[in-house]
Amino acid sequence: MPRRWRIVQVGSTDVGGGAARAGWSLFEGYRSRGHESWLVVGAKQSSDPHVVALPHDRYRGAWARACRWSADLLARPDEGPAARRVRRIVTTLGRPRR
């Protein structure tokens, strides 16, 4: 009988861009093969109980939290390219050493 593994993946989000899709595909693939698979992310968007959000905003400084809060206010499903650009700029200002 094959050995059952416990696998933990770490990513920035569980649903979203190409890296998130690749991580999600691996996550589901491991589970379909009988392994215990967990996904630890910075921003959880799915309702899967095996996806765990790692709270990290409380470790940021006041400036970074304010910029993140401002960027979140700009995030809307119907936002245009200009709003996306401003949101990226504000998010980048919140983490200058990155």
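Student: Where is glycine 42 found?

Tutor: Glycine 42 is found in strand E2, where the label follows a convention: helices (H or I, at least four residues) and strands (E, at least two) are DSSP runs, numbered from the N terminus. Please keep in mind that this is a predicted model, in which local features need pLDDT of at least 70 and side-chain atom pairs count only at pLDDT 80 or more, while totals for chains, interfaces and linings use all residues. Residues are numbered from 1 along each chain as its sequence is written, and side-chain values use heavy atoms, with hydrogens and water left out.

Student: Does glycine 42 count as buried, exposed or partly exposed?

Tutor: Buried means under 20% relative accessible area, exposed means over 50%, and partly exposed lies in between (1.4 Å probe, protein chains only). At 30% relative accessibility, glycine 42 counts as partly exposed. Taking the chain as a whole, buried residues make up 26% of its 98 residues.

Student: How far apart are glycine 42 and glycine 29 in space?

Tutor: The C-alpha atoms of glycine 42 and glycine 29 are 21 Å apart, while in sequence the two residues are separated by 13 residues. For scale, the C-alpha atoms of the chain fill a box of roughly 55 × 30 × 20 Å, taken along the principal axes.

Student: How many helices and strands does the chain have, and what pattern does the chain follow?

Tutor: There are three helices and three strands in the chain, and reading along the sequence gives the pattern β-α-β-β-α-α. Helix H3, for example, covers residues 81-93 and contains isoleucine 89.

Student: What order do the strands have in the sheet?

Tutor: In general, strands of a sheet pair through backbone hydrogen bonds, either parallel or antiparallel, and here two strands are said to pair if DSSP finds at least two bridges between them. In this model the three strands form an open sheet in the order E1-E2-E3, with parallel pairing. Strand E1 (6-13) and strand E3 (51-53) stand at the edges with a single partner strand each, so one side of each has no neighbour in the sheet. Strand E2 (residues 36-43) runs parallel to E3 and is joined to E3 by three bridges, and valine 40 stands opposite valine 52 in E3.

Student: How many salt bridges does a search of the whole structure find?

Tutor: Side chains of opposite charge can pair when their charged atoms come close, and the criterion used here is a side-chain nitrogen of Lys or Arg within 4 Å of a carboxyl oxygen of Asp or Glu. The search of the whole structure finds two salt bridges. In one of them, the side chains of arginine 6 and glutamate 36 meet at 3.3 Å, N to O, and this pair links distant parts of the chain, with arginine 6 in strand E1 and glutamate 36 in strand E2, 30 residues apart. Arginine 6 is exposed, at 74% relative accessible area, whereas glutamate 36, at 22%, is partly exposed.

Student: Which side chain meets that of aspartate 48 in a salt bridge?

Tutor: Aspartate 48 meets the side chain of arginine 31, at 3.0 Å from N to O. This pair also links distant parts of the chain, 17 residues apart, since aspartate 48 lies in the loop between E2 and E3 and arginine 31 lies in helix H1 (residues 18-32). Aspartate 48 is buried, with a relative accessible area of 14%, while arginine 31 is partly exposed, with 32%.
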